[in-house]
Every structure is written in structure tokens, then in C-alpha cells.
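Hi,

Have a look at it first, then read on.

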Amino acid sequence: MHPPLDRPHPDCQEQIDALRTCHATTSKFKFWGCNEIKFSLDRCFRDEKARLLEELNIGFEERRRGEEDAFQDAIGQEMSWDDYLKQDKEYLKATKDSEERKKKRPHLYTKSAEGTK
């Protein structure tokens, strides 16, 4: 399934036109008639989505840090939640205990291919 073809997809317009032409000229009874063009279009959409996500996420970490700093300033706190957890003795002890339980009985914390026995 592909996204609607009537929306602008400048990177994939050539494949969209080819698929529309194929659908118009190929018999409806030949289901596999346009598969290669469809696969090419799917690859193009996947590449287009990856490019758009990459462009969208440029500077994400810096923006996030800035937002977190602004939030800390707004609530008058000097320490972030992550920093607090790193210093919280109860949290650190609970995390350590959890890791030890996982080491003692790893079969309870993994999925087996055959299911539980």
C-alpha cells in the first residue's frame, strides 16, 4: 500500500507517472503487470521518507537540550530528572537489584522461540 498519489511527491513523480500509465494500459486481470514499477515506487517513497525525517531531525538534540534548559529555568530547578535519578540511592539500588535478578534467572526475562515451558 502506498500513500495517496495525488499529493505532491517531487522525488517520485516519475515513478508515479509510470505506475499510472501502467495501470491505464495493462489489463486488470493481469495482477502482476505493474509490480516492478510498484516496487520502484515503494523504494522511492521509502527513500523520500528517510530524507524528510533526516531534514526534520536536524538539530533535534540541540533543540531538546534548549527546551529542557528552559523548562528547568521556568520551574526553578537546577537539576534535570535524569541527573536526579543518577543521584537517587533508592533508584540506583532498585536498578542494581533488578539487574541481579535478571542475571540469576535469565530465562524469566527472555522470550524463547518455542514459547514458555
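On the H1 side of the helix contact you'll find Gln-15, Ile-16, Ala-18, Leu-19 and Cys-22, and these meet Ile-37, Lys-38, Ser-40, Leu-41, Cys-44 and Phe-45 from H2. Sorted by type, the residues of this contact come out as eight nonpolar, two polar and one charged. Do keep in mind that this is a predicted model.

As for how the two helices sit, H1 covers residues 13-25 and H2 covers residues 35-56, and they pack at an angle of about 155 degrees with their axes 9 Å apart. Anything over 145 degrees counts as roughly antiparallel, so that is what H1 is relative to H2. Their crossing is left-handed.

Now the cysteines. Searching the whole structure turns up two disulfides. One of them joins Cys-12 and Cys-44, with 2.1 Å between the sulfur atoms. This pair ties together distant parts of the chain: Cys-12 lies in the segment before H1, while Cys-44 is in helix H2, 32 residues apart. The torsion about the S-S bond of Cys-12 and Cys-44 is about -100 degrees, so this disulfide is left-handed. Cys-44 is also among the H2 residues that meet H1.

Last, helix H3, which runs over residues 60-75. After H3 comes Gly-76, with a positive phi near 75 degrees.

Cheers

Conventions:
Residues numbered from 1 in each chain as written. Predicted model: local features only at pLDDT ≥ 70, side-chain atom pairs only at ≥ 80, totals over all residues. Heavy atoms only, no water. Axes fitted to C-alpha atoms, helices over the stretch in contact; angles between N-to-C directions. Helix = DSSP H or I, 4+ residues; strand = E, 2+ residues; numbered from the N terminus. Parallel < 35°, antiparallel > 145°, perpendicular 65-115°, else oblique. Left-handed = near helix turned anticlockwise from the far one by under 90°. Contact = heavy atoms within 4.5 Å. Nonpolar A, V, L, I, M, F, W, Y, C, P; charged D, E, K, R; others polar. Disulfide = S-S within 2.5 Å.
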